[in-house]
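Please open the model in a viewer and keep the selection panel at hand. The tour below moves from one selection to the next.

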Amino acid sequence: MNDAPAQQPVRKIIHIDMDAFFASVEQRDNPELRGKPIAVGGMHRGVVAAASYEARPFGVRSALPSVTAKRLCPDLIFVKPRFDAYREVSRQIRAIFHEYTPHVEPLSLDEAYLDVSDDLKGIGVATAIAQEIRARIRAETGLTASAGVSYNKFLAKLASDQNKPDGICVVTPARGPAFVATVPVKRFHGVGPVTAAKMGRIGIETGADLRSCSLEFLARNFGSSAQYYHDLARAICHRQVKADRPYKSVSAEDTFFEDLSEEAALLYELDRIGGTVWRRIEQKGLVGRTVNLKAKYNDFRIVTRARSLDRRVSGQAEFLAMGADLLRTLLPVEKPLRLLGLGLSGLGEPKEAPPRELVLPL
């Protein structure tokens, strides 16, 4: 009798990532922007939300301060974000995904994992499915998408970035470890800038470098994350595609065109931001018990405040009132504020849950 554990079936995972999504939508909808370096967001203040491929050779990228982006690319065109347009395209794309599999895990408006191990159309070949999805996206939205195809989420996400824009990369089980060996660790899911810098200081720059480290060495340097990094270096990832990923929080923030310090102006802006957040909360059917405030001073120092209830926040009025109370703890402000944000966390069951479940778990 063979007591060896049964081998797990190989999964078929696709990671779809839209190419320069926000910027591409703007260029699609405004022919005058096509072929030009553009940045969505930023304007005179704030940061770049997305950059077109024409802007990227200059070093313009998302999260870059707009002042820096303009200095790097003097011809850069700033475009005001149109999130309603982006959400509509995202809905179109996700509808396409669901024609092939119910196992879709969105990461944001412009990217998602798909588990097509048992695809609804019976195509059977993940690469063919990815190619068909990309063709459908182009035909139905006029936009391009890149895809990574592999046997786990880690490799699929790495692969989708390999041949951007408008490309596809397939990493088979036989190729997985060799593929990971060539990739810089700073591109690994779960290796942030701080960890990547620490790895660099001890000589770990690539997957091959990471694989050469023993589990004991990684444990001494990275504690409880050691096994995770040890597995990634060997192209091992057990994370499943989860179609119903729970929300941890819902929030919105805004960077002002001019720094604000007057109480009335700050409360007005907070009320406006809070209204946007509450609309999202109602659209998603969520409830929560903790209100979170974020404020950024004009010297870029960030402070946060939070207040939790032993029950769910009853509605928009209470949500906004709690936010205003948190803001008042900062008044009068030490320095003018350039940004405010408001959010709801401690999320739990939807509003139609039975009364016995209205007290949310911590």
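A cavity is, on a 1 Å grid over the protein atoms alone, a set of points where a 1.4 Å probe fits but cannot get out, and its lining residues have an atom within 4 Å of a point. Grid points are joined across faces, edges and corners, and a volume is the space filled by probe spheres set on the points. The model is predicted: local features need pLDDT of at least 70, side-chain atom pairs count only at pLDDT 80 or more, and totals for chains, interfaces and linings use all residues. Residues are numbered from 1 along each chain as its sequence is written, and side-chain values use heavy atoms, with hydrogens and water left out.

**First stop: the cavity**

The structure holds one cavity of 30 Å³ or more; the volume of the largest cavity is about 50 Å³. Select Ile16, Met18, Ser90, Ile93, Arg94, Phe97, Pro106, Ser108, Leu109, Asp110, Glu111 and Ala112 to display its lining. Seven of these residues are nonpolar (Ala, Val, Leu, Ile, Met, Phe, Trp, Tyr, Cys or Pro), three are charged (Asp, Glu, Lys or Arg) and two are polar (the others, Gly among them). At least two lining residues come from each of β1 (13-18), α3 (83-97), β5 (104-108) and β6 (111-115); here helices (H or I, at least four residues) and strands (E, at least two) are DSSP runs, numbered from the N terminus. The most is given by α3, with four residues.

**Second stop: α3 against α4**

Axes are lines fitted to C-alpha atoms, for helices over the stretch in contact, and angles run from 0 to 180 degrees between N-to-C directions. Contact means heavy atoms within 4.5 Å. On α3, select Val89, Gln92, Ile93, Ile96 and Phe97, which meet Ile133, Arg136, Ile137, Glu140 and Thr141 of α4.

Now display the open, antiparallel sheet with the order β9-β12-β10-β11; strands pair if DSSP finds at least two bridges between them. Because β9 (249-260) and β11 (302-308) are edge strands with a single partner each, one side of each has no neighbour in the sheet. From one strand to the next, the twist averages 15 degrees. Strand β10 (residues 290-297) is joined to β11 by seven bridges.

Helix α12 (residues 316-328) lies across β10, β11 and β12, at about 40 degrees to β10.

How values were computed
On a 1 Å grid over the protein atoms alone, a cavity is a set of points where a 1.4 Å probe fits but cannot get out, and a pocket is an open set with protein on both sides within 12 Å along at least five of seven lines; lining residues have an atom within 4 Å of a point.
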